[in-house]
Amino acid sequence: MTPKEIEMMEEILSSYGPHIDVLEWGSGGSTVYFTRFLHSKDISYTWTSIEYNKLWYDKISEAVSNDEDVALKLFDVGNTELKQPYTQMDEYVAYPRTLGKKYDVILVDGRKRHRCLLEASKLLRPGGTAILHDARRTYYHGAFSAYPNSRMLLWTGLWQGKLEDPGLICRAINFMRYWCFRAYTFSFRLRPRSS
């Protein structure tokens, strides 16, 4: 994540104190960094993180091995490729529902992000928020319709969704922000690349 994205995530996580329950699809630096951040702010938490890559899972498990509030779950898909375009990963997507729990914040930063966002909409507590990392990728945007309050966090690669209807004016502002974000990211594609 960029420094601005980290700052936005810290703001969101802090707003749920003194206790927060977090679900994360895609373990990584965020798992390590943000749990340490919450600890430093004396915010108690549970952090459930789901991973599909065994090598990455082992690395993150070691980094958070002393944190009893972090639960990592591996769904090994049988290889170490970072991308799994032709693997269904149904158990990876559906696992959180088997826990019978609701979450304050759900971070989607792994595989099958479109499906995970749709699943996340069923797992949020009232007032909870879903965050999508790398939201510039337009093929994830179809899942945004599951969230009445859907907005791009300008100028970052993050998207935030909530289930509560924000009202007509806020929806209009979020709609304009979305298209400003799309225009902004599209302009990067048009710029000549320097060597």
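## Exercises on a predicted model

The largest pocket holds about 370 Å³ of space. Keep in mind that this is a predicted model. Let's work through it together.

**Exercise 1. Find which residues are closest to the centre of the largest pocket, and which helix gives the most to its lining.**

*Solution.* 
- Step 1: Start with the lining, which is made of 20 residues. Gly26, Ser27, Gly28, Trp56 and Asp109 are the closest to the pocket's centre.
- Step 2: Now look at the helices. Helix H2, residues 29-40, gives the most to this lining, with four residues.
- Step 3: Finally, sort the lining by class: seven residues are nonpolar, seven are polar and six are charged.

**Exercise 2. Decide how H1 and H2 are oriented to each other, and name the residues that meet.**

*Solution.* 
- Step 1: Take helix H1 (residues 3-14) and H2, and look at their axes. These come within 11 Å and cross at roughly 45°.
- Step 2: An angle under 35 degrees would count as roughly parallel, and one of 65 to 115 as roughly perpendicular. H1 and H2 are therefore oblique to each other.
- Step 3: Check the handedness: the crossing of H1 past H2 is right-handed.
- Step 4: List the partners. From H1 come Ile6, Met9, Glu10, Leu13 and Ser14, and they meet Tyr33, Phe34, Phe37 and Leu38 of H2. In this contact, seven residues are nonpolar, one is polar and one is charged.

**Exercise 3. Look at the backbone: what kind of peptide bond joins Gly17 and Pro18, and what is the phi of Asp42?**

*Solution.* 
- Step 1: Most peptide bonds are trans, and most residues other than glycine have a negative phi.
- Step 2: The bond between Gly17 and Pro18 is cis, with omega about 10°. Pro18 sits in the loop between H1 and strand E1 (19-25).
- Step 3: Asp42 is not a glycine, yet its phi is positive, at about 55°. You will find Asp42 in the loop between H2 and strand E2 (44-51).

Technical notes
Residues numbered from 1 in each chain as written. Predicted model: local features only at pLDDT ≥ 70, side-chain atom pairs only at ≥ 80, totals over all residues. Heavy atoms only, no water. 1 Å grid on protein atoms, 1.4 Å probe; cavity = no way out; pocket = protein on both sides within 12 Å on 5 of 7 lines; lining within 4 Å. Points joined across faces, edges and corners; volume = space filled by probe spheres on them. Helix = DSSP H or I, 4+ residues; strand = E, 2+ residues; numbered from the N terminus. Nonpolar A, V, L, I, M, F, W, Y, C, P; charged D, E, K, R; others polar. Axes fitted to C-alpha atoms, helices over the stretch in contact; angles between N-to-C directions. Parallel < 35°, antiparallel > 145°, perpendicular 65-115°, else oblique. Left-handed = near helix turned anticlockwise from the far one by under 90°. Contact = heavy atoms within 4.5 Å.
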